[in-house]
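Me: I have a new structure to look at, and I would like to learn how to read it step by step. Could you walk me through it?

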Amino acid sequence: MAEEYYYVDNQEQQAGPVTKADLKNLFATGEITTETFVWGEDMAEWQAVEELPKLKAFLHRSAAPAKPKIPAVPSIPAAPAAPEAKSPLSGLFGGRGGGGGKDPLAALRKKKKKKKAKMQVESAGRGEEVADAPKSPNVDRKAIEAKRNEDKQKWRTLKTPEGVAYYHNTETNETTWDKPDCLKTADEIDKDGDWYWMPHKQEAFIPCRLISKNTNGSWTVETEDGQTHSVMKKHTPLESLKWSQLRSPVKDLVLLDVMNRPLILHNLRERYVDNQIYTNVGTILIALNPYKRLPLYTPAIIESYQRNKSREPPHVYAIADNAFQGLIGSKSGQSIVISGESGAGKTVCTKQCMQYLAEVAGSTESNIEQKILSANPILEAFGNAKTVRNNNSSRFGKYVEIFFDAKFKISGAMTTNYLLEKSRVVIHSEEERNYHVFFQLCRGGPADLLKSLKLSSDPADYRYLQNGTFDVDGIDDKEEFNELTKSMRKLQFTDKEYNDV
């Protein structure tokens with residue numbers, strides 16, 4: 001069996017095992033030097049190549065000379081992973097017989113300290129800095145750069161429809177999200193290392209890189225903005241991650257390499273910042289309320305999802321289309337469940353689903369689909385109110401049934417409401433207000449109607465409303481009252497029904 005060695009690479013990470021011939025090739029390309037620490041199965045401890053005359057002579061046998069330098073002392077490499085019974089690393093733990101608890105790298109630590117002290121004394125005696133010493137031997141910079149350029153030619157940078165970069169090797173046909181080393185910039189190389197998710201009060205989780213593991217059990221980590229933190233690993237579990245995952249948000253969370261809370265939240269946040277408020281989890285759609293109007297609900301977009309939704313990004317229209325196609329394919333009822341906390345956008349999602357179905361399916365009667373949509377202003381006026389977290393919060397549950405005929409045209413609909421918050425009529429908190437309809441009536445109702453109902457045009461005149469607010473950002477009560485009356489007329493409310501309501 002060929003002699004095998006472990007060594008500390010340029011990134012100060014343990015690498016191997018490799019044969020002597022492999023070491024010779026690494027020495028010739030400058031990836032290791034005479035200052036590199038190595039360990040073999042016949043060695044009691046880690047040693048620099050220069051301390052091993054036979055190995056040093058073997059590596060120099062056909063190597064081209066170059067200018068020497070004094071490199072920085074490498075960090076202490078981690079002990080090789082505990083292998084199966086026949087692994088040459090078994091001798092590292094507790095000496096040749098194994099079983100001892102002695103740290104196998106203690107000698108290396110001691111040696112590094114002595115070596116560093118010696119270098120400082122020598123450089124002080126010469127009156128010069130170590131950094132000014134000549135460069136190390138056998139480092140062919142031109143050859144290394146040529147190899148890097150050669151590797152660059154093999155890789156193509158491609159992008160998904162969402163603009164996320166991925167990489168394809170034309171020689172091996174390999175495809176990866178991770179940027180190859182040969183394509184990395186200096187800043188990206190700095191991002192190499194062990195990365196983890198650190199809990200954060202505001203952001204829930206933030207990425208950080210491990211700097212050091214301390215003797216007291218704590219870890220020193222660095223966040224992306226350059227700040228360092230000390231974390232007690234025992235009390236603060238840190239989940240590992242790849243830094244490249246932070247730059248590759250996906251439109252379907254099932255495509256994530258690891259589906260954990262930190263990466264899911266990061267993915268949703270990155271898409272949200274880019275105004276991509278919808279993200280799939282298989283057949284489930286996550287919708288985040290943008291709290292602003294986005295151009296996502298135009299007739300052209302409806303047509304694009306009707307034509308070929310598989311090529312389009314996640315959208316509530318895709319969910320509605322799946323239900324409609326399931327109705328046609330199975331000829332059985334379909335359900336869309338829309339759930340979430342207050343202010344999540346359930347009401348808007350419901351309206352968009354109904355809008356899509358009305359546009360795609362049409363109806364057998366004249367404008368029946370428009371009549372279904374016209375019910376929304378009425379339901380919202382009498383059942384919605386401003387809360388602390390939502391200016392248009394539905395204070396009731398709603399179950400909407402849409403009926404289709406044999407030709408899959410809309411033939412009718414029925415809305416069942418339940419659990420209306422009746423207490424809001426007489427009491428609510430300071431930052432909230434009563435149901436929209438009363439404010440709409442006071443501010444938008446004609447004078448003769450208000451007189452007949454013995455109502456004031458100023459909501460502040462009513463005691464039940466004194467402990468709340470009267471105005472809502474983004475809502476014009478007068479305009480909303482006009483929409484309410486139009487909807488009631490469109491749904492053929494009689495004058496008596498109109499006045500009774």
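Reply: Happy to; we will go through a sheet, a core, some salt bridges and a surface patch. This is a predicted model, in which local features need pLDDT of at least 70 and side-chain atom pairs count only at pLDDT 80 or more, while totals for chains, interfaces and linings use all residues. Residues are numbered from 1 along each chain as its sequence is written, and side-chain values use heavy atoms, with hydrogens and water left out.

Me: In what order do the four strands of the open sheet lie?

Reply: Helices (H or I, at least four residues) and strands (E, at least two) are DSSP runs, numbered from the N terminus. Two strands pair if DSSP finds at least two bridges between them. Here the order is S2-S1-S3-S4, with antiparallel pairing. Strand S2 (14-19) and strand S4 (47-48) are at the edges with a single partner strand each, so one side of each has no neighbour in the sheet.

Me: How many bridges join strand S1 to S3?

Reply: Three bridges join S1 (residues 4-8) to S3, and Tyr5 stands opposite Gly40 in S3. Strand S3 (residues 37-40) also pairs with S4, over two bridges, with Phe37 opposite Ala48. S3 and S4 make a hairpin with six residues between them.

Me: Are the faces of S3 covered or uncovered?

Reply: In a regular strand the side chains alternate between the two faces of the sheet. Buried means under 20% relative accessible area, exposed over 50%, and partly exposed in between (1.4 Å probe, protein chains only). Both faces of S3 are covered: Phe37 and Trp39 are buried on one side, Val38 and Gly40 on the other.

Me: Which residues touch the most other members of the largest nonpolar core?

Reply: A nonpolar core is a set of buried Ala, Val, Leu, Ile, Met, Phe, Trp, Tyr and Cys residues joined through side-chain atoms within 4.5 Å. The largest one has 25 residues, and Tyr278, Tyr305, Val316, Tyr317, Phe324 and Tyr356 touch the most other members. Helices H7 (299-308), H8 (316-330), H9 (346-361) and H10 (368-383) each supply at least two residues of this core. Apart from it lies another core of 20 residues, including Tyr7 and Leu55.

Me: Are Lys351 and Glu380 buried or partly exposed?

Reply: Lys351 is partly exposed at 26% relative accessibility, whereas Glu380 is buried at 14%. Their side chains meet in a salt bridge (3.1 Å, N to O).

Me: Which residues are linked with Arg395 in a network of salt bridges?

Reply: Glu421, Arg424 and Glu432 are linked with Arg395 in that network. Between Glu421 and Arg395, the closest N and O atoms are 2.7 Å apart.

Me: And which residues make the nonpolar surface patch?

Reply: Val425, Val426, Ile427 and Tyr464 make a patch of about 370 Å². Patch residues have over 30% relative accessible area and no salt bridge; like charges are joined within 9 Å, and nonpolar side chains (Val, Leu, Ile, Met, Phe, Trp, Tyr) within 5 Å. Accessible areas come from the Shrake-Rupley method with a 1.4 Å probe; for residues, only the protein chains shown count as cover. Val425 is partly exposed, at 41%.

Key
Salt bridge = Lys/Arg side-chain N within 4 Å of Asp/Glu carboxyl O.
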